[in-house]
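Open the model in a viewer and keep the selection tool at hand.

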Amino acid sequence: MSSLQGEKAAGVGSEDQYRALACDTALSTLVAVVLYVLLKVSLDGFRQWRARISVLIVGSGPVGLTAALVAVRSGKVLRLTVVDERYRSALLCRPQQIALDPRSVKFLLGLGVDFDNMEGCWHNEHFFTRIGVFQEYLLSILEKKKQSVDVQVQLGTKFTDEYLRRVQQSEGPRIIVVADGSCGDSCSVLGISSDYTVESCHAFGANASIERLDQRQVPTPEIRAHSLYFDLSAYGVEALREHRNPAAKSGFHLKIYGTFRNRYMALVCPSSDTRMVRFLRHTANSSIMKNIFHQSFNAYKTDIEPRLSDVTHHHMQCSRRLFEVQLSHKRVSAAYIEGDNVAVTVEGEAARVLNFDTGFDVNLGLPWYGVPCGGLFYRTATAVDQADVMEALSDKMQHSRHVAQCFKQTGLTESMFQ
Ligand SMILES: Cc1cc2nc3c(=O)[nH]c(=O)nc-3n(C[C@H](O)[C@H](O)[C@H](O)COP(=O)(O)OP(=O)(O)OC[C@H]3O[C@@H](n4cnc5c(N)ncnc54)[C@H](O)[C@@H]3O)c2cc1C
């Protein structure tokens with residue numbers, strides 16, 4: 001064989017070797033990458049599966065206890081503490097009802113709430129129960145969950161600076177849910193601004209409450225009446241012409257709700273500048289509103305409850321005149337406490353409240369729990385770093401604003417106008 005042929009053969013041989021080597025390298029790199037990805041995915045999965053956090057809920061009203069139920073069902077909570085300044089007896093004897101709309105009912109059914117085992121009544125797919133009954137039921141579910149989650153319910157304990165310091169010294173919570181109602185001041189303990197955005201709901205309203213101790217305290221469906229006009233001719237206000245005026249829309253909407261013992265009434269109309277509305281907005285004569293509520297109650301009450309007599313009439317509390325219905329919602333409804341690494345979220349009436357009681361206020365709080373609440377527990381538990389928690393909180397704030405916007409647009413229509 002000539003030397004040229006030898007060189008050629010050697011060249012072909014090294015090319016083959018080179019290809020084989022490149023192939024080997026590519027294959028082993030691929031195997032390494034696949035192994036790395038598999039290992040990372042399974043480690044991440046394991047970390048996420050194992051991730052458990054400690055949650056503190058301030059306030060055991062309907063919203064705080066619903067949040068507690070979401071927490072224990074999330075599978076991401078190791079320790080849950082619910083704190084309320086009221087003692088059990090005070091908590092459970094609250095007289096007002098809550099009305100759960102179909103959306104809230106569906107959501108609570110998903111959490112395992114068994115409405116068949118709760119004192120209450122159904123009407124038009126809404127469930128009506130006493131607030132104390134609802135709270136007692138949720139507390140009993142939490143009690144049963146103690147085997148899987150470390151649940152502590154501390155009633156008769158106020159959330160204060162001192163309390164916060166104490167829990168932070170031990171293994172502090174990673175999430176604090178503030179659900180301390182419209183009068184709570186826990187946000188100030190946590191350094192969260194108490195500023196509210198106040199927005200008009202483009203309606204005027206008035207409320208009344210009647211307490212009749214001889215009547216039953218059982219859950220009762222609400223009553224609604226629409227297109228009401230009142231005869232104010234004695235005060236020089238002619239409503240007749242306004243009936244024909246399309247701008248007068250459909251008059252007033254009335255709702256009677258609560259138990260027979262603690263009856264409430266809400267009267268509302270879309271904002272307009274009719275003579276009747278103008279008169280009722282500015283009158284200094286408070287007996288006019290009283291008369292309207294008195295007569296409306298007797299006209300629309302259920303057949304089985306007594307009429308209001310003149311005696312009880314004088315015991316009725318009511319607004320002196322029509323006022324503008326406004327929704328206040330907290331400017332800051334979520335925060336991150338750096339250093340302690342705690343996510344804070346503000347919910348229920350602590351986050352948004354109406355100056356006009358529709359008897360549906362709890363529903364301004366519950367829709368939040370549909371998706372983002374469980375999401376916040378999950379995302380905080382499995383967060384890799386602070387940025388993940390901040391993102392979850394920012395989504396929550398956005399959702400909170402969305403709830404307020406939705407209520408402003410359709411809330412009164414759904415809860416009062418139909
Ligand atoms: C007169 C009246 C009638 C109503 N009628 C109806 C009705 O018919 N239907 C309906 O759906 N809704 C009704 N509502 C509204 C309903 O009661 C509220 O929407 C609901 O209670 C709000 O729930 P929440 O959990 O946000 O707050 P809340 O129920 O107010 O609960 C807040 C809890 O936080 C606790 N708390 C406050 N500060 C602290 C602190 N620093 N430390 C520890 N605990 C604290 C309080 O003790 C309280 O238990 C009515 C309300 C009123 C006032």
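Select the open sheet of three strands, which run in the order β3-β5-β4 with antiparallel pairing; two strands pair if DSSP finds at least two bridges between them. β3 and β4 (121-123) are at the edges with a single partner strand each, so one side of each has no neighbour in the sheet. On average, neighbouring strands here are turned by 25 degrees against each other, direction ignored. This is a predicted model, in which local features need pLDDT of at least 70 and side-chain atom pairs count only at pLDDT 80 or more, while totals for chains, interfaces and linings use all residues. Residues are numbered from 1 along each chain as its sequence is written.

Now select β5 (residues 126-130), which pairs with β3 over four bridges in the antiparallel sense. Which residue of β5 is the bridge partner of I98? It is T129. Next, show helix α5 (residues 131-144): α5 packs on the sheet, touching β3 and β5, and its direction makes about 90 degrees with that of β5. Helices (H or I, at least four residues) and strands (E, at least two) are DSSP runs, numbered from the N terminus.

Move to the ligand, which 35 residues surround, the closest being G59, G61, G181, G348 and D361.

Finally, show the whole chain, with its 13 helices and 16 strands.

Methods:
A residue is near a molecule or strand if its C-beta atom, placed from the backbone, lies within 6 Å of it. Axes are lines fitted to C-alpha atoms, for helices over the stretch in contact, and angles run from 0 to 180 degrees between N-to-C directions. Two residues are in contact if their C-beta atoms, placed from the backbone, lie within 7 Å.
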